[in-house]
Structures are given as C-alpha cells and as structure tokens.
Amino acid sequence: STAEYLPWWKNREWVTTQPEDDQVINALWLKKGEKALLCVSNLAKEPRSIEVVLNLAQMGFQSIEVADAITGETISAEGGKLNVKVDFERYRLLKISNRK
C-alpha cells in the first residue's frame, strides 16, 4: 500500500523492454531503494523472450536480487538487465530487492 504504482505508460524512466511493442506491457510497484514488484506481460499469440532493463539509479538501487514471485525461481539481473521467458498471453511477476 506504500509503493508507488508506475503503469506502462508512466514507467519508461524506470523500465525498458526489448522487444518494445504493443504486445509487451509492464507495470511497476516501487518502494524506492527498498523493493519493487514488476509485472511483465506478453500479449502476443506466441511465447517470447523479453529483455528487461531496470534503471537501478532511478529506482534507488545499487545491486539487486530478482525472483519470480510465483515460482520462487531466481533470475539473473546483472546491472539491472534480465531476460525472462513469458508464455503466450501470460505474464511474469518479479520481486526485486536489494542484494544482501
């Protein structure tokens, strides 16, 4: 309830994706410098690999840990860059926190 909500049309300073088209949508809930929740959606009719680049400085982070919020899978995020596979018409929910 204390996180800032940054929908896809407002979060370009914090998150960019490749591919960057109308079939990839993301939303960010940010508690600056502490933690974040990122939803990466694939609206395409086929699975896609989506590269996500987080602006760590803008988010108040230096180094982060990322995990899939549903499966618990750890996701590599060196320098704020990560690659996620997203099934067709599905999403991935990612927990982002300061590296300990």
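Predicted model: local features only at pLDDT ≥ 70, side-chain atom pairs only at ≥ 80, totals over all residues.
Visitor: What radius of gyration does the protein have?
Guide: The C-alpha atoms fill a box of roughly 35 × 25 × 25 Å along the principal axes. For 100 residues, a compact globule would come out near 13 Å, and the protein agrees with that, because its radius of gyration is 12 Å.

Visitor: And what share of the 100 residues count as buried?
Guide: To count as buried, a residue has to stay under 20% relative accessible area. Of the 100 residues here, the share that counts as buried is 39%.

Visitor: Let's talk strands. How many bridges join β3 to β4?
Guide: These two strands form a hairpin, with three residues between them. In the turn, Gly-33 has a positive phi of about 75°. Leu-30 stands opposite Ala-36 in β4. The strands run antiparallel, and the number of bridges joining them is eight.

Visitor: Which residue in β3 is the bridge partner of Tyr-5?
Guide: β3 also runs antiparallel to β1, with three bridges joining the two. For Tyr-5, the bridge partner in β3 is Trp-29.

Visitor: Which residue in β8 is the bridge partner of Arg-48?
Guide: β5 and β8 pair over six bridges, in the antiparallel sense. Within β8, the partner of Arg-48 is Val-86.

Visitor: Which residues make up the covered face of β8?
Guide: In a regular strand, side chains alternate between the two faces of the sheet. In β8, Lys-81, Asn-83 and Lys-85 make up the uncovered face. The covered face is made up of Leu-82, Val-84 and Val-86.

Visitor: What is the volume of the largest pocket?
Guide: Its lining includes Trp-8, Val-15, Asp-21 and Ile-25. The pocket's volume is about 180 Å³.

Visitor: Which elements give two or more residues to the lining of the largest pocket?
Guide: Among the lining residues are Thr-16, Thr-17, Val-24 and Asn-26. By type, the lining divides into four nonpolar, four polar and four charged residues. As for the largest pocket, the elements that give two or more residues to its lining are β2 and β3.

Visitor: How far apart are the C-alpha atoms of Lys-10 and Ala-27?
Guide: Lys-10 sits in the loop between β1 and β2. Its relative accessible area is 48%, so Lys-10 is partly exposed. Along the chain Lys-10 and Ala-27 are 17 residues apart, while their C-alpha atoms are separated by 8.9 Å.

Visitor: How many salt bridges does the count come to?
Guide: To qualify, a side-chain nitrogen of Lys or Arg has to be within 4 Å of a carboxyl oxygen of Asp or Glu. By this rule, the count of salt bridges comes to six.

Visitor: Is Arg-12 buried or exposed?
Guide: The side chain of Arg-12 meets that of Glu-20 in a salt bridge, at 2.9 Å from N to O. Glu-20 has a relative accessible area of 49%, so it is partly exposed. The cut-off for exposed is over 50%. Arg-12 has 51% relative accessibility and therefore counts as exposed.

Visitor: With which residue does Glu-89 form a salt bridge?
Guide: Glu-89 lies in the loop between β8 and β9, and its partner lies in the loop between β4 and β5, 44 residues apart. The closest N and O atoms are 2.8 Å apart, and the partner is Lys-45.

Visitor: How far apart are the closest N and O atoms of Arg-99 and Glu-78?
Guide: Arg-99 counts as partly exposed at 40% relative accessibility, and Glu-78 as exposed at 56%. Arg-99 lies in the segment after β9 and Glu-78 in the loop between β7 and β8, so the pair ties together parts that are 21 residues apart in sequence. In this salt bridge, the closest N and O atoms are apart by 3.8 Å.

Notes. Residues numbered from 1 in each chain as written. Heavy atoms only, no water. Helix = DSSP H or I, 4+ residues; strand = E, 2+ residues; numbered from the N terminus. Buried < 20%, exposed > 50% of the residue type's maximum accessible area, 1.4 Å probe, protein only. 1 Å grid on protein atoms, 1.4 Å probe; cavity = no way out; pocket = protein on both sides within 12 Å on 5 of 7 lines; lining within 4 Å. Points joined across faces, edges and corners; volume = space filled by probe spheres on them. Nonpolar A, V, L, I, M, F, W, Y, C, P; charged D, E, K, R; others polar. Pairing = 2+ DSSP bridges. Rg over C-alpha atoms; globule rule 2.2 N^0.38 Å.
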